[in-house]
Amino acid sequence: MDSDLIVQILFAAVKTGTPLLFIALGEVICEKSGVLNLGQEGMMLMGAVVGFLAAYGTGSAGLGVLSAMLMGCVMSLIFAVLVLHLGANQVATGLALTIFGTGLSAFIGSGVVGQTIQGFQPIAVPLLSDIPYLGKILFSHDILVYASFTMTFVLMFVVNKTRIGLTLKAVGENPHAANAIGIKVLRVRYLAVMFGGVMAGISGAYMSLVYTPMWVENMTAGRGWIALALVVFASWRVGRIMLGAYLFGLASIMHLVLQGLGWSISPNLLAMLPYVATVVVMVIISADKFKEKLLAPRSLGKPFDPRQMA
Amino acid sequence: MKLKSLLVSLGLLAGASFVQAEEPLKVGFVYVGPVGDLGWSYEHDRGRKGIEEYFGDKVKTTYVENVPEGADAERVITQLAKAGNDLIFTTSFGFMNPTVKVAKRFPNVKFEHATGYKLSKNLGTYVLRTYEGRYISGVAAGMMTKTNTIGYIGSFPIPEVIRDINAAYMGAKSVNPDVKMKIVWANTWYDPGKETDAANALMDQGVDVMLQHTDSPAPLIAAEKRGLRAIGQASDQSKFAPNAHIFSVRDDWAPYYIKRVQAVMDGKWDSKDFWGGFHEDMLSLASINPNLPKDVRTKIDATLASIKSGEFKPFTGPIKDNKGNIAVPANHSLTDQELAQVNWYVEGITDEIPR
């Protein structure tokens with residue numbers, strides 16, 4: 001395996017990991033507030049189809065992404081009203097959101113099946129892209145990849161170093177205590193859920209505008225579900241989400257590249273790798289002495305009713 | 001259309017049966033992908049619409065799309081049988097065992113399974129000779145490659161796919177003795193993202209013309225982006241990649257579906273293992289790119305003509321497998337039954353078949 005090929009592989013891993021990174025970043029913020037949204041796949045599909053429709057209609061990929069973000073936000077609002085205001089079961093509502101999004105996206109996208117658009121083109125970052133190897137791997141992508149880098153670092157800072165991050169974690173850990181010190185729990189949760197929706201929208205737009213610039217039914221093919229596994233894999237830490245997304249990307253690329261090189265490893269075995277990795281991490285972090293480090297928000301999945309005390 | 005299929009499945013769930021004035025023949029379809037995949041399932045649905053167009057009010061068709069292979073399929077097929085369908089087409093290899101099981105329980109319903117090999121009294125099978133199209137694809141790829149390396153994105157290592165890989169390679173070899181083929185298994189019939197990754201992995205490794213046995217046009221788009229070439233599969237995929245696209249091998253199921261529906265109406269249906277290709281108009285070359293060099297175009301046309309007339313059969317011996325054994329003896333063409341069991345690569349393919 002020569003160095004060119006390795007660079008190509010790592011470049012592809014970043015690209016493959018990007019939609020996972022976006023959607024998992026959104027989900028981790030949502031979960032940190034104590035809300036589990038299994039509707040990721042549906043929101044992502046809606047983002048993909050609306051992003052494509054907008055870009056196709058206006059000729060602007062930028063408007064496509066904006067529309068996808070808006071659509072993701074609308075989808076998450078439906079979810080938020082149901083689970084936060086009406087106290088619906090989060091798991092069931094999330095699943096319903098996915099089924100709804102899958103069907104609706106197929107329905108509204110049926111008119112543009114088979115159309116193609118000019119998606120985002122790669123932009124080499126001046127200076128940085130001249131760094132040997134790393135320049136190609138990290139700095140010769142399209143603008144959304146750079147946005148995902150930025151978003152990761154901004155979120156790491158916000159969650160770990162700011163008052164906003166503290167508030168978010170307080171609501172996810174113990175909403176009653178947070179409520180008692182005057183935090184508006186529902187408002188925080190609404191915002192977190194909406195942020196998750198916006199990110200799922202971008203993630204979908206990345207699929208339909210950059211990755212495979214087209215719309216076909218169900219084109220996200222389960223990436224929304226992988227994002228949920230990624231959050232657990234990263235044990236609810238933002239920085240690890242990035243690492244995990246690229247590892248998932250790398251594993252799925254390697255599985256294809258090694259075959260082309262004629263390595264006689266069963267492709268089924270390789271296809272399994274990312275999931276095996278998740279299970280292994282789950283087992284390790286679930287062991288007693290690591291339990292404290294498993295940062296699952298304590299109120300994850302539980303509805304909050306300010307009239308009841310913890 | 002979506003709404004209709006939703007209503008139909010709701011109807012199935014409720015076990016409702018609709019009473020009609022003059023009892024049209026009810027025909028059900030089970031698809032593995034979405035009808036909007038622009039590939040395999042899309043073409044089967046075009047076949048279904050072909051029936052409706054041909055028979056009008058005399059038939060009533062239903063389809064269920066996106067059905068996972070396995071236990072879910074059995075449930076869906078059972079529901080279609082219970083809903084009073086007289087003839088049910090199940091259109092993916094992985095539906096074979098579920099179809100066999102359900103067929104046993106509903107002896108009065110006729111079943112037809114695409115690409116399988118198990119028959120019973122009320123279960124027939126039908127297969128496209130896609131390998132004929134792959135052979136011509138190989139010829140085109142072998143002439144168009146500048147790196148002498150062509151690529152193939154496989155779905156699952158089943159006889160149908162392995163057969164087509166062999167045909168493609170033999171086609172390429174017949175015009176370019178130095179040609180090599182790289183094979184990547186995507187382990188999916190349909191995942192545009194993964195198909196893109198597979199295409200890029202191949203192109204990173206020097207492949208400049210690609211064939212695929214997965215269903216979305218994603219590999220063509222990936223080839224278009226890099227200025228390389230690819231061949232469309234199942235449906236006309238030219239609009240996705242106006243420059244990269246060499247041609248698409250298009251499936252056309254309508255002629256067969258119409259024939260079988262007619263047979264049920266006439267009470268003449270019997271269980272068969274039917275194979276159709278260019279000769280039966282169930283395959284065609286769609287949108288051959290006008291930018292091909294003249295000699296390539298001439299060769300494509302000539303190969304098509306000789307296959308269509310039946311004069312040339314790709315699997316005619318002597319053919320050796322890649323372990324050096326004689327796979328097809330001289331002067332023998334593989335019978336359909338033998339074709340259904342191809343589980344070896346032809347000489348010159350250096351890979352191993354995944355087990």
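H2(A) and H9(A) cross in a right-handed manner, a crossing being left-handed if the near helix is turned anticlockwise from the far one by less than a right angle, and right-handed if clockwise. The model is predicted: local features need pLDDT of at least 70 and side-chain atom pairs count only at pLDDT 80 or more, whereas totals for chains, interfaces and linings use all residues. Residues are numbered from 1 along each chain as its sequence is written, chains are lettered from A and ligands numbered from 1 in the order in which they are written, and side-chain values use heavy atoms, with hydrogens and water left out.

**Helices H2 and H9 of chain A**

- Helix H2 (residues 40-58) of chain A packs against H9(A) at an angle of about 55 degrees, with the axes 7 Å apart; helices (H or I, at least four residues) and strands (E, at least two) are DSSP runs, numbered from the N terminus.
- Axes are lines fitted to C-alpha atoms, for helices over the stretch in contact, and angles run from 0 to 180 degrees between N-to-C directions.
- H2(A) and H9(A) are therefore oblique to each other; angles under 35 degrees count as roughly parallel, over 145 as roughly antiparallel, 65 to 115 as roughly perpendicular and the rest as oblique.
- The contact of H2(A) with H9(A) comprises nine nonpolar, nine polar and no charged residues; Ala, Val, Leu, Ile, Met, Phe, Trp, Tyr, Cys and Pro count as nonpolar, Asp, Glu, Lys and Arg as charged, and the others, Gly among them, as polar.

**Other helix pairs of chain A**

- H1(A) and helix H10 (residues 223-233) of chain A pack at about 55 degrees, their axes lying 9 Å apart.
- H1(A) and H10(A) are therefore oblique to each other, and H1(A) passes H10(A) in a right-handed crossing.
- The contact of H1(A) with H10(A) includes A:Leu20 and A:Glu27 of H1(A) and A:Arg223 and A:Leu230 of H10(A); by class there are nine nonpolar, one polar and three charged residues.
- Helix H6 (residues 143-161) of chain A meets H11(A) at an angle of about 150 degrees, with the axes 8 Å apart, which makes H6(A) roughly antiparallel to H11(A).
- Among the residues of this contact are A:Phe149 and A:Met156 of H6(A) and A:Met242 and A:Tyr246 of H11(A); the residues divide into eight nonpolar, three polar and no charged.

**The second largest pocket**

- The second largest pocket has a volume of about 770 Å³.
- On a 1 Å grid over the protein atoms alone, a pocket is an open set of points where a 1.4 Å probe fits, with protein on both sides within 12 Å along at least five of seven lines; lining residues have an atom within 4 Å of a point.
- Grid points are joined across faces, edges and corners, and the volume is the space filled by probe spheres set on the points.
- Of the 37 lining residues, the closest to the centre of the second largest pocket are A:Lys15, B:Ile221, B:Ala222, B:Lys225 and B:Arg226.
- H8(B) gives the largest share of the lining, six residues.
- The lining residues divide into 17 nonpolar, eleven polar and nine charged.

**Local backbone features**

- B:Gly317 and B:Pro318 are joined by a cis peptide bond, with omega about 0 degrees.
- B:Pro318 lies in the loop between helix H10 (294-308) and strand S13 (319-320) of chain B.
- A:Asn218 has a positive phi of about 55 degrees although it is not a glycine, and A:Asn218 is in the loop between H9 and H10 of chain A.

How values were computed. Contact = heavy atoms within 4.5 Å.
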